[in-house]
Amino acid sequence: MNPDLLFGKLTLDALPFYSPIAAGGAATIVLGGVAVVGLITWLKAWTYLWTEWFTSTDHKKLGIMYVILALVMLLRGFVDALMMRAQQAIAMGNEGYLTPDHFQQVFSSHGTIMIFFMGMPFLFGIMNYVVPLQLGARDVAFPLLNAIGLWLTAAGAALVMASLVIGVFSTGGWTGYPPYTELSYSPTVGVDYWIMALLIAGTGTTLSAINFIVTIYKMRAPGMGLMQMPLFCWTALCASLLAVFALPGLTVAGGLLALDRYLGMHFFTNDGGGNVMNYANLFWIFGHPEVYILILPAFGVFSTVIPTFSQKRLFGYNVLVYATMCIAVLSFTVWLHHFFTMGADANVNAFFGIMTAVIAVPTGVKVYDWILTMYRGRLRFDTPMLWSIAFILTFVIGGMTGVILSIPPLDYVFHNTLFLIAHFHNMLIPGMLFGLFAGYAYWFPKAFGFPLDETWGRRAFWFWVVGFYLAFMPLYVLGFMGAVRRMTYYDQPEWQVYFIIAAIGALSVLLGIVSQIIQLVVSIRNRAQTANLAGDHWGGQTLEWSTSSPPPEYNFAVLPTVCTLDAFQVAKDMGTPHLWPERYEPLEVPRNTMVGLVFGALAFLLGFATVWHIWWLAGLAIIGIVGITIARSFATETTRIIPASEIALTELRWKQAILAQQGDAQ
Amino acid sequence: MFKDSLFDPAGPVSAATRDLFFDSVGLMLIVVAPVFLLVGFVLWRYRAGTGAAYKPHWAGSRAVEIGIWFMPVVIVVALWFIVWNRTHALDPYKPIASGLPPLVVQAVALDWQWLFIYPDENVAAVNRLVFPVGRPLTIELTSDTVMNSLSIPALGGQIYAMAGMETQLNLLADRPGVYDGRNTMFSGDGFSAQTFAAEAVDVSGFQSFLAQARASGDALDAAGFETLSTPTIAGPVRLYSTVEPKLFHTIMAAHGSMPEMAPAANHAEHAP
């Protein structure tokens, strides 16, 4: 048989022996994978993982798996960041230790991973875990769709990881601007990996977002009006709506680019009627709302954490809801500010500059609302609160530099410079990542029944915050000096000291990440002393704290009836936080199914086969995806019943824990 | 440390941009500075265990809410006027007022070099842009490769160079000097070294540059351009004594979105 027919473009040359560093990275991935598989086998954990996790459709377990995926990808993306900081700290007047091609793959995978495979799964994980609990719901609207969303995202992430071992990754940056990413300038499979990873993960995200919208509209606890929803649910709703409306921009841009590359079309090529600026428009019609998809749920986390640790109600709930909705709508009106420098006339640029400045208003209002929430509170400084405070102080700096970039004549100077890089890291690290870390620390005791270690959490916090300032403030300075993004090397001696400071900052962040790993290990080791099933670890105000920690599979034995904001806080104030019914009803929960996992595996195969032009495999994968969809639609036994006796036992155990806690307190 | 940057402007465009920078930062500090002061005050005053006032149910106040909307709105409305006026005043397409006619240079982005054609003088230079100080400079841009962006920070902002399209950048140097210029838009392996010297010289210096170019004896014809446009990293400075007529538009037409159309008249121009 013709090897081309069998293997497409895939040959042994695809193995990463082009540089020892790339080969080392690939070996790390392969050995790491082998070690994980070996460890699971040694622990005989395969059955447990399969039945309890991989085939689960429980929103809580899916949420946890999303976060695990995000944390693994955070490590990968951060290694990329360290490599870049090391390269630029060295490469003054010399070529550094990375070739341009390798350096370009590193910055492309760093951006792609941090946005699509760290940020998105992290926040979808937290949304998955928290939203149904806060709504007083037993699950999301479509549990299987939820699982498919997770496994499609994981398939996209797996493609990015696979590119490290087999073939190369894109060198076109996370934005993948053509014509550079067209076949004539990027003939390798790197861009194909990038396109397929984004298309597959984007499909998963769209499905999850639809799921959240329906869940929030249809599954709220009896009596809970939209304006009685916790603010985090509002931000989850806005982010999901944004995802549904914005992601088609990326899908179309990526799809058309794929048509150019696979079928010789000319949407974005330099010849044949292509126009690169069409790509730029499509990409940023997605790309700007994407920023708010990432940041709004983090705003929701801060709006949950700050009142809890101020021991006070959230200030200006209505205003925060309206501000969030304003931001969501306005985010679709500003995309052109990403390319003021394309030569549009002054009226166009001024319009988009003005629209961008408008977004600063609701954002500024939110900051003041958070400060007013703390005003006349009783502030406790546990790690979730520390992340929130660092966020407020750091985020306003990023907001200022954002307004600077929104003024077209200033953007003409700062566009493509390290000032821009410093700006968006200044938004996304405090705005998104600190929010996700705050949410991770805040809801960890809910999810596992024991808290994270505070001492190591504080160490991680300080290393991260100091590292952030050291890593990114020098980039602002370099931007003023005219240093641009994506340089493999440079020849301006006065820049080097700033790059070295930035590299030291990255090392501080490394210590922060190491502290977080130690924190996790220490917390797990001490769990026997710290575990508490009773549930309300922080003195929370919203319904997720009215269940046990961890919550039972069915979340609520009796659905709460809600007539106010902060329902759990109000119930506690009235002295009736928990209602114990005389008898329990049996409950219906979704059965486990392997459909989600198989969907993800087939999507990975489809992506991999398409990247390497292995058309028979791509065809099989498509037949498999269609086949499993049809087969699943004939399945009738998709739920199972938890008997009332089992529920009564679970609830009794929880009640005893609460009584024991009250006994301790007295 | 900020030599020949926005903070050390070498021309009226960059000087006006610097003023705009400080104006906008000053305006924003009206909203941002109180945030730092308030956060510091609130964190200290209301930390647990001090016995300070505690109002757990205080969750809204019409007067305060109007106030926190009002201040950012006022600032942003002020910003609108600044954005509208300065975006028009500093439009890169706007010719710079001067008693002298602008010097027109046609810049072509290559992999990974810059070609500068002087159409009126019929000479060309590679990786070196020489122009008279005090006289407006009009740069017309296109690309023979992927998207590029031409920037000379000492003089002002940047504009994209795109294949098949013509964009424009107007600058002026009011003190002589050699300034860094570069492509700021990632374009591939040679991107990091895609820099050029932007030399603002007096009139006699410019004349001697032209004479030097004319004495070089190299002609930039179709074959010469073919050689020049092969990918080159950190290429040398070159001078050409003559340039094929309308070479800039020939390059644009080679990437024209509608080959049957005349190049310059249609899609090539952006907004006037």
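**Entry: ground rules**

I noted that this is a predicted model, where local features need pLDDT of at least 70, side-chain atom pairs count only at pLDDT 80 or more, and totals for chains, interfaces and linings use all residues. Residues are numbered from 1 along each chain as its sequence is written, while chains are lettered from A and ligands numbered from 1 in the order in which they are written.

**Entry: chain A overall**

I went on with chain A. Its secondary structure comes to 21 helices and two strands. Helices (H or I, at least four residues) and strands (E, at least two) are DSSP runs, numbered from the N terminus. The C-alpha atoms fill a box of roughly 75 × 65 × 45 Å along the principal axes.

I then checked burial. A residue is buried if 20 or more other C-beta atoms lie within 10 Å of its own, exposed if 12 or fewer, and partly exposed in between; C-beta atoms are placed from the backbone. In chain A, 59% of the 666 residues count as buried.

Contacts came next. Two residues are in contact if their C-beta atoms, placed from the backbone, lie within 7 Å. Among contacts in chain A between residues at least 6 apart in sequence, 84% join residues at least 24 apart.

**Entry: one residue and one helix in chain A**

Is L475(A) buried or exposed? I found 26 C-beta neighbours inside 10 Å, so L475(A) counts as buried. L475(A) sits in helix α15 (residues 454-480) of chain A. Leaving out residues up to four places away in sequence, L475(A) touches L418(A), I421(A), A422(A) and A502(A).

Next I took helix α20 (residues 615-633) of chain A. This helix has 19 residues and reaches 27 Å from its first C-alpha to its last, close to the 27 Å expected at 1.5 Å a residue. The expected span is 1.5 Å times one less than the number of residues. Of the 19 residues of α20(A), one is buried, so the helix lies largely in the open.

**Entry: chain B overall**

I turned to chain B. It has six helices and 13 strands. Its radius of gyration is 25 Å, well over the 19 Å that the globule rule gives for 272 residues, so chain B is more spread out than a compact globule. The C-alpha trace spans about 85 × 45 × 35 Å along its principal axes. Buried residues make up 45% of the 272 residues.

How far apart are the C-alpha centres of domain 1 and domain 2 of chain B? They lie 44 Å apart. The assignment gives domain 1 (12-89) and domain 2 (103-268). Domain bounds come from an automatic or database domain assignment. Four residues of domain 1 of chain B are in contact with seven residues of domain 2.

**Entry: strands in chain B**

I followed strand β1 (residues 103-109) of chain B. Five of its seven residues are buried, leaving the strand mostly covered. Two strands pair if DSSP finds at least two bridges between them. β1(B) runs parallel to strand β5 (residues 137-143), joined by seven bridges. In that pairing, Q106(B) stands opposite E140(B). β1(B) also pairs with strand β2 (residues 114-118) in the antiparallel sense, over four bridges. There, A109(B) has W114(B) as its bridge partner. A hairpin of four residues joins β1(B) to β2(B).

I then traced β9(B). It pairs with strand β10 (residues 195-201) in the antiparallel sense over six bridges, and G181(B) stands opposite F196(B). β9(B) also pairs with strand β6 (residues 148-151), antiparallel, over two bridges. S151(B) has R182(B) as its bridge partner.

**Entry: where the chains meet**

How many residues of chain B are in contact with chain A? I found 77 residues of chain B in contact with 73 of chain A. α1 (12-45), α2 (62-89), β7 (158-161), β8 (167-171) and β9 (177-183) of chain B each supply at least two residues of that side of chain B. Its residues divide into 48 nonpolar, 21 polar and eight charged. Ala, Val, Leu, Ile, Met, Phe, Trp, Tyr, Cys and Pro count as nonpolar, Asp, Glu, Lys and Arg as charged, and the others, Gly among them, as polar.

Terms used: Rg over C-alpha atoms; globule rule 2.2 N^0.38 Å.
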